Amino acid sequence: MKLRDRLNELAGNLSWTWHSEAFEIFQQLDPELWLKLNRNPVAFLEELSDEALNDRVATKALGSRITRAYFAHHEYLRSTNTWGKQHVRSLKARPVAYFSAEFGLHESLPIYSGGLGLLSGDHLKASSDLDVPLIGVGLLYTKGYFSQSLDAKGWQQEHYYDTDPDQLPLQVATDKNGDPLRLVIKTSHDDTIHVRAWLANVGRCRLLLLDCNVEENNEQNRALTAKLYGGDSRIRIRQELILGVGGMRALNAMGIVPGVIHLNEGHSAFALLELSRLIMERDGKSFADVRDLVSSMSVFTSHTPVAAGHDRFEPALVEETLSSFREMLGLSKRYFLALGTSNP
């Protein structure tokens, strides 16, 4: 196998973000280019010609280090002597589905803003090292979260990325038949949101990212997954519909049946409603029949336990966005709203 092929394989799994050997190899190949391309190994290797790569490898004697990092990565993925193999083997068939509005894995994948995203990213990395069967579910923000600078008068200026999924360690997610995964999510007023999905390998774990930037959507809906925490409440509740409902539907389409649904903050709360619908449909039961079962399968963690850190939506906006979904659950408007109010 050529050294470039080995480097491409290392670049295609985000384990390099916390396993320093691979990271240092990319950096030493061309420090200036590495920094210019935001430490993105996929874009970096595309930019580096075969001639330049071979010259750098020879000059800096990196050949043996690349080979060692490659085999160490394979040994890490194949190892059977792990905590997970010993203690949570039962999750292999029904893994944890970990929902979060942001995942902070590395700056080259700018789909996080701060602490919440770094927590989510660290959960994926730790789950990989422990070998806990877990798949993350989030949104692919094509413009990410803004970076900041100050103008001459000291005012903050926001700058957004233009992220090209083809320049990231992502692959197109496929359904049980091997076809590219596509979802259709209906809201009220005959509006339809089309969603595609991507997968990132994070060590032994995977991260599923949903993306609305597809030709079938109108301009407004294409922008739903453009920016993290951008826009008004109407955009936010639709993002949460895509994350929660779309995320559960994507897992189902892939043939993944989670044993645990872990919600990192309330942004993905609608996932439990979609899980309820799937079980209702499968078992021919009512929402009341499955409510306790779904509750027993869910875990919730709050990163920001203050009022300002949680979304609140007016009843009219909830009904505008979710009435079609509510009817699929067979719930009255009053009962449905009571599920999410502080005083039901």
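Helices (H or I, at least four residues) and strands (E, at least two) are DSSP runs, numbered from the N terminus. With that in hand I looked up Ser15, whose place is in the loop between α1 (3–11) and α2 (20–29).

Before going on, I noted that this is a predicted model, in which local features need pLDDT of at least 70 and side-chain atom pairs count only at pLDDT 80 or more, while totals for chains, interfaces and linings use all residues. Residues are numbered from 1 along each chain as its sequence is written, and side-chain values use heavy atoms, with hydrogens and water left out.

**Entry: Ser15.** Leaving aside its neighbours within four places in sequence, Ser15 is in contact (heavy atoms within 4.5 Å) with His73 and Gly203.

**Entry: α1 and α6.** Two packed helices are described by the angle between their axes and the distance between the axes. The axes of α1 and helix α6 (residues 63–78) come within 10 Å and cross at roughly 45 degrees, where axes are lines fitted to C-alpha atoms, for helices over the stretch in contact, and angles run from 0 to 180 degrees between N-to-C directions. That makes α1 oblique to α6, since angles under 35 degrees count as roughly parallel, over 145 as roughly antiparallel, 65 to 115 as roughly perpendicular and the rest as oblique. I also noted that α1 passes α6 in a left-handed crossing; a crossing is left-handed if the near helix is turned anticlockwise from the far one by less than a right angle, and right-handed if clockwise. The residues in contact include Leu3, Arg6 and Leu10 of α1, and Ile66, Tyr70 and His73 of α6.

**Entry: α10 and α11.** Helix α10 (residues 233–253) and helix α11 (residues 270–283) pack at an angle of about 40 degrees, with their axes 8 Å apart, and are therefore oblique to each other. Here I found that α10 passes α11 in a right-handed crossing. Among the residues that meet are Ile237, Leu241 and Met248 in α10, and Phe270, Leu275 and Leu278 in α11.

**Entry: cysteines.** How many disulfides does a search of the whole structure find? I recorded zero disulfides, a disulfide being a pair of cysteine sulfur atoms within 2.5 Å. Cys205 is buried, with a relative accessible area of 2%, and Cys212 is buried, with a relative accessible area of 0%.

Terms used. Buried means under 20% relative accessible area, exposed over 50%, partly exposed in between (1.4 Å probe, protein chains only).
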